[in-house]
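Please look through the sequence and the structure below before reading on.

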Amino acid sequence: NSGPGRTVYLPEGTWVDFNSGEIHEGSCRVKVEYRYPIFIKMNSSIIYDGSVIIYGEGNFKIYRDGEFEVSHTDHGKTISTKRGDLKVRVFSRDRRD
């Protein structure tokens, strides 16, 4: 099913639902009500909507118009790339902003 109200599988690990902030422990199936669910695995990062989003802690190498490094301690900083600025946002069990 490609629409709302489907079930997605999360492999082993700790995951945050980007839309709701809810934490899930994999291996599990999760019912979602939105069309494009985004789940971020603990100690991972993604680029989304002008931000580097980190869930957990650590240092990450990001490849976008070259390579740069970012850390969970960089929350709130802005990184300039050839394709525009990226704001660093960190999610944890205690913070979602």
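## Briefing on a predicted all-strand chain

Val90 is buried, with a relative accessible area of 3%, where buried means under 20% relative accessible area, exposed means over 50% and partly exposed lies in between, all with a 1.4 Å probe and counting protein chains only. The model is a predicted one, in which local features need pLDDT of at least 70 and side-chain atom pairs count only at pLDDT 80 or more, while totals for chains, interfaces and linings use all residues. Residues are numbered from 1 along each chain as its sequence is written, and side-chain values use heavy atoms, with hydrogens and water left out.

**The chain as a whole**

- The chain holds zero helices and nine strands, with helices (H or I, at least four residues) and strands (E, at least two) taken as DSSP runs and numbered from the N terminus.
- Of the 97 residues in the chain, 36% are buried.
- The chain exposes about 6,000 Å², of which carbon and sulfur atoms supply 44%, the accessible areas coming from the Shrake-Rupley method with a 1.4 Å probe and, for residues, with only the protein chains shown counting as cover.
- Among the contacts in the chain with a separation of 6 or more, 34% come from residues 24 or more positions apart, a contact being heavy atoms within 4.5 Å.

**The four-stranded sheet**

- Four strands form an open sheet in the order β4-β5-β9-β8, and their pairing is mixed; two strands pair if DSSP finds at least two bridges between them.
- The edges are taken by β4 (44-48) and β8 (78-81), each of which has a single partner strand, so one side of each is left without a neighbour in the sheet.
- Neighbouring strands of this sheet are turned by 25 degrees against each other on average, direction ignored, where the axes are lines fitted to C-alpha atoms, for helices over the stretch in contact, and angles run from 0 to 180 degrees between N-to-C directions.
- Within the sheet, β5 (residues 51-55) and β9 (residues 84-91) pair in the parallel sense over five bridges, and Ser51 has Lys87 of β9 as its bridge partner.

**The hairpin of β1 and β2**

- Strand β1 (residues 6-17) pairs with strand β2 (residues 23-32) in the antiparallel sense over nine bridges, and the bridge partner of Leu10 in β2 is Cys28.
- Five residues lie between the strands of this hairpin, in which Gly21 takes a positive phi near 85 degrees.
- Strand β2 includes Ser27, and the peptide bond leading from Gly26 to Ser27 is cis, with omega near -10 degrees.

**The nonpolar cores**

- The largest nonpolar core has 10 residues in all, namely Val52, Ile54, Phe60, Ile62, Phe68, Val70, Ile79, Leu86, Val88 and Val90; such a core is a set of buried Ala, Val, Leu, Ile, Met, Phe, Trp, Tyr and Cys residues joined through side-chain atoms within 4.5 Å.
- At least two residues of this core come from each of β5, β6 (59-63), β7 (67-71) and β9, and β9 gives the most, with three residues.
- Another core lies apart from the largest one and has seven residues, among them Val8, Cys28, Val32 and Phe39.

- Asn43, in the loop between β3 (39-41) and β4, has phi near 65 degrees, a positive value in a residue other than glycine, and Asn43 is partly exposed at a relative accessible area of 41%.
- Asp49, in the loop between β4 and β5, also has a positive phi for a residue other than glycine, near 50 degrees, and Asp49 counts as exposed at 70% relative accessibility.
- Thr81, in strand β8, counts as buried at 16% relative accessibility, and a polar atom of the Thr81 side chain lies 2.6 Å from the backbone oxygen of Gly84.
- Not counting residues up to four places away in sequence, Thr81 touches Arg64, Asp65, Phe68 and Leu86.

Methods: A polar contact is a pair of N or O atoms within 3.5 Å; within protein, one must be able to donate a hydrogen and the other to accept it, and residues adjacent in sequence count only if both atoms are side-chain atoms.
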